[in-house]
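Please have the structure open while reading.

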Amino acid sequence: MATNFQYDSEFLKNFLIPNYILRAEAEVESVPCAPNCPILVFVNSRSGGQLGGSLLSTYRSLLNEKQVFDLGEEAPDAVLRRFFLNLEKLKLNGDEVAVDIQKKLRLIVAGGDGTAGWLLGVVCDLKLSHPPPIATVPLGTGNNLPFAFGWGKKNPGTDPNSVVSFLNQVLKAREMKIDNWHFLMRMRAPTEGSYDPIAPLELPHSLHAFHRVTEGEHNVEGCLTFRGGFWNYFSMGMDAQVSYAFHSERKLHPEKFKNQLVNQSTYAKIGSTWFFAPLFHPSSMNVSQMAKVEIMKCHGDWKTLHIPHGIRSVVCLNLPSFSGGFNPWGTPNNRKQRDRDLTPPYVDDGLLEVVGFRDAWHGLVLLAPKGHGTRLAQAHRIRFEFQKGVADHTYMRIDGEPWKQPLPANESVVVEISHLGQVNMLATSNCRSQSVNDPSTPSRYGEDSDEEDFEEDSTQSGEEFRKFGAADTFKIPDEIDISHLS
């Protein structure tokens with residue numbers, strides 16, 4: 001990002017929201033017109049070492065401080081509910097400025113991928129007629145979301161000039177839709193004794209309990225169910241294990257992780273253990289030994305997916321950015337696309353790209369100009385059923401947030417991923433993501449394309465699918481420090 005953009009107070013007026021719009025108790029002001037690009041800014045003040053706090057201060061010094069929020073003090077669902085409720089009241093009173101602000105509103109979130117996902121989930125579940133598009137400031141370790149939409153991988157700076165340069169890009173950015181992916185995990189509840197499948201501190205904010213069956217309900221349902229969602233990727237296996245080791249170390253020694261570059265270097269050191277996975281990890285850790293995998297490419301047609309022996313990690317990818325900016329899917333040539341019925345990796349086509357890796361040596365192919373992982377499939381839905389007794393645990397990761405998933409010896413664990421709507425992002429001219437609706441990219445859809453492919457089948461309906469992340473519950477649990485979000 002350039003840091004020499006010249007600005008004055010007139011430029012900043014493009015973004016300023018009047019007090020009475022932000023606060024219901026404020027006296028209504030006489031405002032000639034709405035700003036060109038009204039914004040609400042959400043900053044994880046604990047992200048990026050000391051950078052988050054500095055960025056928060058700079059935004060508050062440049063804008064109305066009431067439109068800049070510290071996620072360590074107030075959750076985005078509370079902020080947005082209050083904001084839109086006030087807008088609706090003003091609109092009912094004939095306030096044209098409120099009408100224009102709702103139409104033009106854009107959001108900025110500064111933090112890691114976990115922080116961005118938190119805001120995305122809340123916006124998705126508010127079910128607004130026109131959800132505000134979101135720009136992401138990279139303050140985390142991986143920063144895959146901002147990189148995929150052209151905002152870069154490293155923090156663009158916290159001084160006023162750098163922030164204004166970023167605001168100028170927000171003003172010029174275009175809207176772009178991306179797919180939401182619903183994640184559902186089920187396991188049988190024990191008939192006796194207690195079993196907590198995920199310890200509370202291990203639960204990522206993007207995956208929360210939808211229904212925990214009580215003793216008296218076993219005969220009715222008998223399952224423990226967790227649900228959530230993602231925008232970038234879900235992965236399971238060795239890569240998630242490396243990520244889990246990094247996050248565990250950061251929780252134990254937070255004082256060592258106060259610099260973005262140091263964090264990325266530490267992650268690389270921990271990741272080097274994956275190079276020797278075939279020597280130290282049993283073959284039972286191979287995905288093909290651990291789980292039966294099925295995919296659905298056409299509505300209602302489940303097929304078993306062949307996972308080559310030796311694949312230790314599977315990534316279900318929506319955006320062309322993984323592990324700090326790599327694209328594991330790559331770009332298949334025309335022959336491969338034709339022979340395997342593959343399409344370009346669009347971010348809004350209702351398809352996930354499913355990629356496998358054997359070990360970190362295999363992962364090094366991503367460093368090559370046209371390097372990619374083992375392309376396994378593209379799918380509208382994918383289901384993992386973990387085999388009983390093969391291993392006592394595995395590792396999973398959603399958009400940078402890992403956890404250690406126990407696998408009961410006598411019961412199977414089922415994970416199912418399916419398409420569930422879209423959300424709006426802001427993209428710069430450096431955007432790496434491709435849209436099926438972008439005239440500059442060739443459309444893969446023919447005349448027989450139909451959204452029926454994305455409909456829920458009879459086994460997944462009702463309460464579980466009413467919300468993507470639940471605006472009331474899609475939040476960081478009280479016991480989790482948001483500085484741990486990647």
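**Helix 3 and helix 8**

Leu55, Thr58, Tyr59 and Leu62 of helix 3 touch Pro160, Val163, Val164, Phe166 and Leu167 of helix 8 (contact means heavy atoms within 4.5 Å; helices are DSSP runs of H or I with at least four residues, strands are runs of E with at least two, both numbered from the N terminus). The model is predicted: local features need pLDDT of at least 70, side-chain atom pairs count only at pLDDT 80 or more, and totals for chains, interfaces and linings use all residues. Residues are numbered from 1 along each chain as its sequence is written, and side-chain values use heavy atoms, with hydrogens and water left out.

- By class, this contact of helix 3 with helix 8 has eight nonpolar residues, one polar and no charged ones (Ala, Val, Leu, Ile, Met, Phe, Trp, Tyr, Cys and Pro count as nonpolar; Asp, Glu, Lys and Arg as charged; the others, Gly among them, as polar).
- Helix 3 (residues 51-62) packs on helix 8 (residues 160-172) at about 70°, and the axes are 10 Å apart (axes are lines fitted to C-alpha atoms, for helices over the stretch in contact; angles run from 0 to 180 degrees between N-to-C directions).
- The two are therefore roughly perpendicular (65 to 115 degrees).

- An open sheet has six antiparallel strands in the order 13-12-11-8-15-16 (strands pair if DSSP finds at least two bridges between them).
- Strand 13 (374-379) and strand 16 (401-406) are the edges, each pairing on one side only.
- Strand 12 (residues 352-357) is joined to strand 13 by five bridges, and Val355 has Arg375 in strand 13 as its bridge partner.

Technical notes. Angles under 35 degrees count as roughly parallel, over 145 as roughly antiparallel, 65 to 115 as roughly perpendicular and the rest as oblique.
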